[in-house]
Amino acid sequence: MLLNEDITTTAQLLGKTLRKDSYLHDYLEAVERFKADPEASELEARLYSLFDQFTARQQAGEQLSREEVDGFYALRKQVGVNPRVAERDSVLQVLKPYLVEIADEISGMLGVDYTDLAKVTQ
């Protein structure tokens with residue numbers, strides 16, 4: 001979908017403005033701290049990789065062992081209590097309602113549900 005120049009310019013301005021906002025700024029800083037922590041990044045990458053492997057195996061009809069499932073939940077707990085992951089996720093929880101408000105305002109201005117439009121173009 002091609003966007004006209006006014007929409008593109010406005011979207012870029014919105015992005016720049018949001019990056020200066022304290023809510024989003026705090027989240028972006030938390031993400032950078034997370035990325036800079038090799039332990040946190042590696043733990044989360046292992047968790048997602050294991051999740052993908054298990055999902056593929058289950059979709060292929062394979063049964064996971066109790067030990068594998070327990071290991072997955074132990075890793076998920078380890079990821080969840082990692083200080084950098086917990087910080088990033090905590091800041092994101094504060095940010096989400098704010099982003100919903102912004103999406104609602106955009107929807108009101110457009111006269112259509114902005115989040116539905118965003119889903120279509122992803």
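Leaving aside neighbours within four places in sequence, which residues is Asn82 in contact with? The points below take up this question and then the helices around it.

1. The model is predicted. Asn82 lies in the loop between H4 and H5. Its contacts, apart from neighbours within four places in sequence, are Glu39, Ala40 and Leu43. Asn82 counts as buried because its relative accessibility is 6%, and buried means under 20%.

2. Two of those partners, Ala40 and Leu43, also belong to the largest nonpolar core. This core has 11 residues in all. Besides Ala40 and Leu43, its members are Phe34, Leu47, Phe54, Leu64, Val69, Phe72, Leu75, Val79 and Val85. Helix H3 (38-59) and helix H4 (66-81) are the elements that give two or more residues to this core. Another core, of nine residues, lies apart from it and includes Leu18, Val31, Leu95 and Ile106. As background, nonpolar side chains tend to be buried together in soluble globular proteins.

3. Next, the packing of H3 against H4. The angle between these two helices is about 150 degrees, and their axes are 10 Å apart. Angles over 145 degrees count as roughly antiparallel, so H3 and H4 are roughly antiparallel to each other. Their crossing is left-handed. On the H3 side the contact is made by Leu43, Glu44, Arg46, Leu47, Leu50, Phe51, Phe54 and Arg57, and on the H4 side by Glu68, Phe72, Leu75, Arg76, Gln78 and Val79. By class, this contact has eight nonpolar, one polar and five charged residues.

4. Helix H2 (residues 22-36) and helix H5 (residues 83-110) form another packed pair, with an angle of about 160 degrees and axes 9 Å apart. H2 and H5 are therefore roughly antiparallel to each other. H2 passes H5 in a left-handed crossing. From H2, the residues that meet H5 are Tyr23, Leu24, Asp26, Tyr27, Ala30, Val31, Arg33 and Phe34. From H5, they are Arg84, Val85, Glu87, Arg88, Val91, Leu92, Val94, Leu95 and Tyr98. The contact of H2 with H5 has 12 nonpolar, no polar and five charged residues.

5. Two charged residues of H5 can be set side by side. Arg88 is buried, with a relative accessible area of 11%, whereas Glu87 counts as partly exposed at 22% relative accessibility. Leaving aside neighbours within four places in sequence, Arg88 is in contact with Tyr27, Ala30, Val31, Phe34 and Glu44. With residues up to four places away again not counted, Glu87 touches Ala30 and Arg33. The C-alpha atoms of Glu87 and Ala45 are separated by 17 Å, and these residues are 42 residues apart along the chain.

6. The last pair is helix H1 (residues 5-20) and H2, whose axes come within 5 Å and cross at roughly 75 degrees. Angles of 65 to 115 degrees count as roughly perpendicular, so H1 and H2 are roughly perpendicular to each other. Leu18, Arg19 and Lys20 of H1 make the contact with Ser22, Leu24, His25 and Leu28 of H2. By class, this contact has three nonpolar, two polar and two charged residues.

Terms used
Residues numbered from 1 in each chain as written. Predicted model: local features only at pLDDT ≥ 70, side-chain atom pairs only at ≥ 80, totals over all residues. Heavy atoms only, no water. Core = buried A, V, L, I, M, F, W, Y, C linked by side-chain atoms within 4.5 Å. Buried < 20%, exposed > 50% of the residue type's maximum accessible area, 1.4 Å probe, protein only. Helix = DSSP H or I, 4+ residues; strand = E, 2+ residues; numbered from the N terminus. Axes fitted to C-alpha atoms, helices over the stretch in contact; angles between N-to-C directions. Parallel < 35°, antiparallel > 145°, perpendicular 65-115°, else oblique. Left-handed = near helix turned anticlockwise from the far one by under 90°. Contact = heavy atoms within 4.5 Å.
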